[in-house]
Amino acid sequence: GSGEEDPEPGYKLVTKLVAYTNKLLNIDLDEFFTNNYAAFDQEQEELSGGSGETLEQYEIFKTYETIIQEKFEEFIREEGYSSPKQVFKLVEDACKKDKARQEKYMKEVMERIKVFQEACFEQQTHSKENKKATESKMEETQDEVDEELENALKDIESKFENEKGEEESKDDDNSKESSKKELPILVPMCVYMPQTLEQLVSSILTVADYQTFSGLMRAKVTQQRTILKLQKMEMRA
């Protein structure tokens, strides 16, 4: 029926249409493909040379196009809709709602990822703080630094006092390198993007394109060649 009581009639209609289209291409039109695939049985050299598409193939496509149109009109009638225009309006509204729902979903996912990444960073920070605390305790247990060693270090500092500017420059570079190393390691995340209603609709609309039809027919050619090859192998065995 028209599904006026259903809050998402457009969504259900699209999912039904996808299932209907799959059945149409894989079962209902199998005989048509079998009867006409020979016109598409061509070698790769012929296709790459630009002479692969023929008038015979185009005439078969026009017949296919008529069948598809009749089948879709039949589907619309069976679902209780009065016209394609009514269906397109329902589908368009459903796509808009689905897009808004998908955007909300992705926003929530990204917020959760952000919280997770922040938690990982906090854990890394705590690990570093614990390490520093342990090192500090170890230093407290060591003997006091020998006075002579301190004096020796002062002598070394004095000796290189004239090269202080150069050393500071090196220290800055080392500091930058150190800061790079201390950047938090973010955990890589793989986000699953569910297929949108708009993508489903697009896949249905391309069914009536010549490129889609040509691909289906050439796939049938490959399938038949494989079957013949297997049959010959069985006969030889």
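Residues are numbered from 1 along each chain as its sequence is written, and side-chain values use heavy atoms, with hydrogens and water left out. Keep in mind that this is a predicted model: local features need pLDDT of at least 70, side-chain atom pairs count only at pLDDT 80 or more, and totals for chains, interfaces and linings use all residues.

Among contacts (heavy atoms within 4.5 Å) with a separation of 6 or more, 86% are between residues 24 or more positions apart.

**Stop one: the core.** Select Leu 29, Phe 32, Phe 33, Phe 40, Tyr 64 and Phe 213. Of the 35 residues in the largest nonpolar core, these touch the most other members. Such a core is a set of buried Ala, Val, Leu, Ile, Met, Phe, Trp, Tyr and Cys residues joined through side-chain atoms within 4.5 Å. Helix 4 gives this core its largest share, eight residues. Now zoom in on Leu 29: leaving aside neighbours within four places in sequence, it is in contact with Leu 24, Tyr 64, Ile 67 and Ile 68.

**Stop two: Thr 21.** Look in helix 1 for this one. Thr 21 counts as buried because its relative accessibility is 4%. Not counting residues up to four places away in sequence, Thr 21 touches Phe 72, Ile 204 and Val 207.

**Stop three: helix 8.** Select residues 197-205 and pick out the buried ones: Leu 197, Leu 200, Val 201 and Ile 204. They sit on the same side of helix 8, because they cover an arc of only 100 degrees around the axis (taken from the directions from the helix axis to the C-beta atoms).

**Last stop: the largest pocket.** Its volume is about 410 Å³, the space filled by probe spheres set on grid points joined across faces, edges and corners. A pocket here is an open set of points on a 1 Å grid over the protein atoms alone, where a 1.4 Å probe fits, with protein on both sides within 12 Å along at least five of seven lines; lining residues have an atom within 4 Å of a point. Select Leu 17, Phe 72, Ile 76, Phe 88 and Leu 205, the closest to the centre of the 18 lining residues. Helix 4 supplies the largest share of that lining, seven residues.

Note on methods
Buried means under 20% relative accessible area, exposed over 50%, partly exposed in between (1.4 Å probe, protein chains only). Helices (H or I, at least four residues) and strands (E, at least two) are DSSP runs, numbered from the N terminus.
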